Amino acid sequence: MRTPAFVRVLEGEARVYRRVWRGSVISTFLNPVLFLAAMGLGLGRLVDERTAGVGLDGLTYLAFLAPGLLAATAMQTGAGDSSWPVMAGIKWRKTYDAVLATPVGVASLTVGHLAWVGIRLVFVSVAFVLVMAAFGAVGLAAGLTAVPAAVLTGLAFAAPMVAYTAGLKGEQGLTSMFRFGIVPLFLFSGTFFPVSQLPDWLEPLAWVTPLWHGVELSRSTALGTVPVPPPWLSVAYLASWTVGGTWLAVVRMRRRLVT
Amino acid sequence: MRSPLVTARALTKRFGEFTAVDGIDFDVHQGEAFGFLGPNGAGKSSTMRMIGAVSPISGGTLTVLGLDPAADGPAIRARLGVVPQEDNLDQELTVWENLYIYGRYFDLPRRVILERIDELLEFAQLTERRNDTVEHLSGGMKRRLTIARGLINQPDLLLLDEPTTGLDPQARHALWDRLYRLKQRGVTLIVTTHYMDEAEQLCDRLVIMDKGRIVAEGSPRDLIARYSPREVVELRLAPDDHDRAVASLDGLARRIEVLPDRILLYTDDAEATIGDVFERGVEPESMLTRRSTLEDVFLRLTGRRLVD
Ligand SMILES: Nc1ncnc2c1ncn2[C@@H]1O[C@H](COP(=O)(O)OP(=O)(O)OP(=O)(O)O)[C@@H](O)[C@H]1O
Ligand SMILES: [Mg+2]
């Protein structure tokens, strides 16, 4: 063995990506531009006039929003890359069967996929920070310090998402997961407003969502504010989703693919 | 003699309650082309996947290249080439890239892969298409590419699951020619098919499978000699005459098979049999004489046809 098997899987994914990168790069930049323009500037002006920073730790709405949106975007990227593409590998195109006919095993296939998602997350997050800085939401250097938090957030979703997808018959389950899981998290995990605004009974629910920890971590590193949960707790929490999710993903991929 | 490349004893595959492969025995030897001939659902692919060390066995024993698939899967797969029943090429990648990433999965060094790709493209007659994405290839080209991909690691044993199903006659012959060349080079082939002509063309030795079991084993020629008289007279009758003709033909040939659209008379002397048919006053709409094939062997052994 010269190169670890998971790295060779990653190489394969990177080659496929090279064929489709154009479309993906455009949306990688366009998405944050649209969101920050509409919500950060448009809605932000309204918010700032009303609150004068009170309730947002003295931040402008744009500054408050941008790092949270960074984490939420990482979540969407991680979950997205581990849903439809994984289903295609398992079922629609059966490319995973082709990989598993070689010495590469299920664990390397799964870890290789997640490693590739990790690299994608770095790209997507850095692109987001560039846009953020261009909007003047945060300084470039400060923004970049939030990239590791965003990548970890993305992986915390990518890993369990592979496990989830591996158990599905068809794409219905993916659509439902986004509609009832990812989109609500996107909206209610402290990205657009602090979760303290939620009804009291809902607030604890937000605390257990990985995205809330990702948002708090990302915001506090980028802006130097004090996060609600201690950062070590958020890192540990996201890391356990990543590690536990990876383990579960390997188990479920094996059950699905080795029959 | 050298020990077999593949040995199976009482090999079984179950999916839940259902038994797909029901205790089969076979050996595959170095350098031969070995076939599994059987209809849909016979258990051919299930057997191939066990040999390919991607599907755990449910019972019996299986040795591939002297190793145990349960314990040494990666080591076995490193020396196998696999052409699955359904093409699973990466549609978004080019012909060249498909071969390249596959070489990487076998951990071959870049230099080696580059060399082999050129040879394999030549072998698969795809040199001109090397930069085309797979989605734009014809069925026959995809199949040739899948075979080329299975050869990137210079396997000792090539598993071909229905290599020509779905191809037109010309593409099938082109493919058989490629496989024949591989055999000449000493690559051991295991082929599944439900086409008797494919089995006759490609296989030195084969087993006939039905419902998870092996019903006969031998070379195509042996099997035909053993299970079917030499010649077959096929009669086609007007639907109204069919039943009456069946009654009058009774006892006329060594064996008679009545199919919905034809009557088959198995005989050692077709000419004499044809004479007898007319003597009994049967007037077929059309008639043809041919040699017995593996299809006839299958019909004899199972009472059913291979391809329906
Ligand atoms: N993963 C699976 N789960 C449940 N049943 C299966 C599975 N794979 C195969 N089977 C069943 O096992 C039987 C044998 O299937 P197999 O694919 O081995 O047959 P085959 O001889 O290759 O047929 P074909 O000519 O159609 O390819 C079939 O009845 C099939 O439905
Ligand atoms: Mg099959």
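**View 1. Residue classes in the lining of the largest pocket of this predicted model.** The lining holds 26 nonpolar, eight polar and 11 charged residues; Ala, Val, Leu, Ile, Met, Phe, Trp, Tyr, Cys and Pro count as nonpolar, Asp, Glu, Lys and Arg as charged, and the others, Gly among them, as polar. Local features need pLDDT of at least 70 and side-chain atom pairs pLDDT 80 or more, while totals for chains, interfaces and linings use all residues. Residues are numbered from 1 along each chain, and chains are lettered from A in the order in which they are written.

View 2. A pocket is an open set of points on a 1 Å grid over the protein atoms alone, where a 1.4 Å probe fits, with protein on both sides within 12 Å along at least five of seven lines; lining residues have an atom within 4 Å of a point. Of the 45 lining residues, A:Asp97, A:Leu257, B:Arg49, B:Val54 and B:Ser55 are the closest to the centre.

**View 3. Elements around the largest pocket.** Those supplying at least two lining residues each include α11 (231-257) of chain A and β6 (157-161) of chain B; helices (H or I, at least four residues) and strands (E, at least two) are DSSP runs numbered from the N terminus. The most, six residues, comes from α2(B).

**View 4. The second largest pocket.** This pocket holds about 620 Å³ of space. Among its 30 lining residues, A:Glu13, A:Val16, A:Pro85, B:Asp90 and B:Glu92 lie nearest the centre. α1(A) gives the largest share of the lining, six residues.

Technical notes. Side-chain values use heavy atoms; hydrogens and water are left out. Grid points are joined across faces, edges and corners, and a volume is the space filled by probe spheres set on the points.
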